[in-house]
Amino acid sequence: MIQTIIAFLIIGLILTGILINPVLVKRRRNRLKYRPFPPLWNAIIENNLPIYLYLSPNEIRRLQGHIQVFLAEKQFIGCRGLQVTEEMKLSIASVACLVLLNERGQYFPRLRSILVYPNAYFVKETTSIGKYVVEERRVARLGESWTNDQLVLSWEQVKHDIDNWSDGRNVVLHEFAHQLDQEDGKAEGVPILQSNSDYTIWAKVMTEEYQQLCNDVLQGAKTVMHSYGATNPAEFFAVATETFFEKPHQLLSKHPALYEQLQRYYQLDPGQWV
Ligand SMILES: [Zn+2]
């Protein structure tokens, strides 16, 4: 009898924990969001997020709130001797939080650490050649997003992308778009959408646009999106996100249906900022 009561008590405590935890997380995040935003941080973001001053006062306030939560929850790790500075953290956090601006995603729930290398880093890549032969080579990488709990960035590339905003390439936007895509545990170019009916139109538009990019790249035609988007649907979503934020007018004029899907997903219109 006592054992049964204890078992019920344990189950009750676990269930209460499961129910209460999201409430506590929300309360803690709200406290972080409304903390005063340090003026030094604001100055760093002004210098490192080219579209910052074009945001509305309401959007700036929301972005600052997200940045406070992001910096409190994610760990930055400098690699190959790199000392991670406030400038590095804020430059990365401000672009990462741009994709969350209108509450898309849940602060990248799977992500715990951001590894920052001073410049390109090398990884071993293996490819099968024929049935029994595997080729191993060292390849340079500028960033990657892992489904477990880490994201890797090259600071040199992050800086380059800040200085070249509007070229349609941005490693931080790219890797954090992968994080949104991976939120449901799968990297397939489909983030979590608002309603079930959204998935049908998303699949139709994205498949058509992806096919068109693949054909254009094959024929050597000029494209608004970088050809890397033709690698697979997951890369297509990541590259489309880079283009949406950095070349909104070109994307809207050449691919209105794709722009509309991204605008609906991010609940943002970057065309108004430029
Ligand atoms: Zn990618």
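1. Let me start with helix α6 (residues 171-181), which is mostly covered: eleven of its eleven residues are buried. Here "buried" means that 20 or more other C-beta atoms lie within 10 Å of a residue's own, "exposed" means 12 or fewer, and "partly exposed" is in between, with C-beta atoms placed from the backbone. Helices (H or I, at least four residues) and strands (E, at least two) are DSSP runs, numbered from the N terminus. The buried residues of α6 include Val171, Val172, His174, Glu175, Phe176 and Asp181. They pack against α4, β5, β6, α5 (155-163) and α8 (233-246). A contact requires that the C-beta atoms of two residues, placed from the backbone, lie within 7 Å.

2. A word on what you are looking at. This is a predicted model, in which local features need pLDDT of at least 70, side-chain atom pairs count only at pLDDT 80 or more, and totals for chains, interfaces and linings use all residues. Residues are numbered from 1 along each chain as its sequence is written.

3. Now the overall picture. The chain has ten helices and six strands, and its C-alpha trace spans about 75 × 55 × 50 Å along the principal axes. Of its 274 residues, 31% count as buried. Among contacts between residues at least 6 apart in sequence, 66% join residues at least 24 apart.

4. The core deserves a look next. The largest nonpolar core has 53 residues, and Ile92, Ala96, Val99, Leu153 and Val172 are those with the most contacts inside it. Helix α4 gives this core its largest share, eight residues. A nonpolar core is a set of buried Ala, Val, Leu, Ile, Met, Phe, Trp, Tyr and Cys residues joined through C-beta atoms within 7 Å. Leaving aside neighbours within four places in sequence, Ile92 is in contact with Ile114, Leu153, Val158 and Val172.

5. Glu86 also belongs to α4 (residues 86-98). Why does Glu86 count as exposed? Glu86 counts as exposed because it has 12 C-beta neighbours inside 10 Å. Glu86 and Gln211 are 125 residues apart along the chain, and their C-alpha atoms are separated by 41 Å.

6. On to the open sheet of four strands, whose order is β1-β2-β6-β5, with mixed pairing. β1 (75-78) and β5 stand at the edges with a single partner strand each, so one side of each is left without a neighbour in the sheet. Neighbouring strands of this sheet are turned by 20° against each other on average, direction ignored. Two strands pair if DSSP finds at least two bridges between them. Strands of a sheet pair through backbone hydrogen bonds, either parallel or antiparallel. β1 and strand β2 (residues 113-117) run parallel and are joined by four bridges; Gly78 has Val116 in β2 as its bridge partner.

7. Two helices lie across this part of the model. α5 lies across β2, β5 and β6, at about 70° to β6, while α6 lies across β5 and β6, at about 15° to β5. Axes are lines fitted to C-alpha atoms, for helices over the stretch in contact, and angles run from 0 to 180 degrees between N-to-C directions.

8. Do look at the hairpin too. β3 (residues 121-129) and β4 (residues 133-141) pair in the antiparallel sense over nine bridges, and Lys124 stands opposite Arg138 in β4. There are three residues between the two strands, and Gly130 in the turn has a positive phi of about 75°. How many of the nine residues of β3 are buried? The count is zero, and β3 is hardly covered.

9. A loop residue is worth a click. Trp146 lies in the loop between β5 (143-145) and β6 (150-154). Trp146 is partly exposed because 17 other C-beta atoms lie within 10 Å.

10. Finally, helix α10 (residues 256-266) has the buried residues Leu258, Tyr259, Gln261, Leu262, Tyr265 and Tyr266. They are on the same side of α10 because they cover an arc of only 160° around the axis, the arc being that of the directions from the helix axis to the C-beta atoms. The face turned away from this buried side carries the exposed residues Pro256 and Ala257. The cover over the buried residues of α10 includes α7 (196-218), α8 and α9 (248-254). Gln267 follows α10 and has a positive phi, near 50°.
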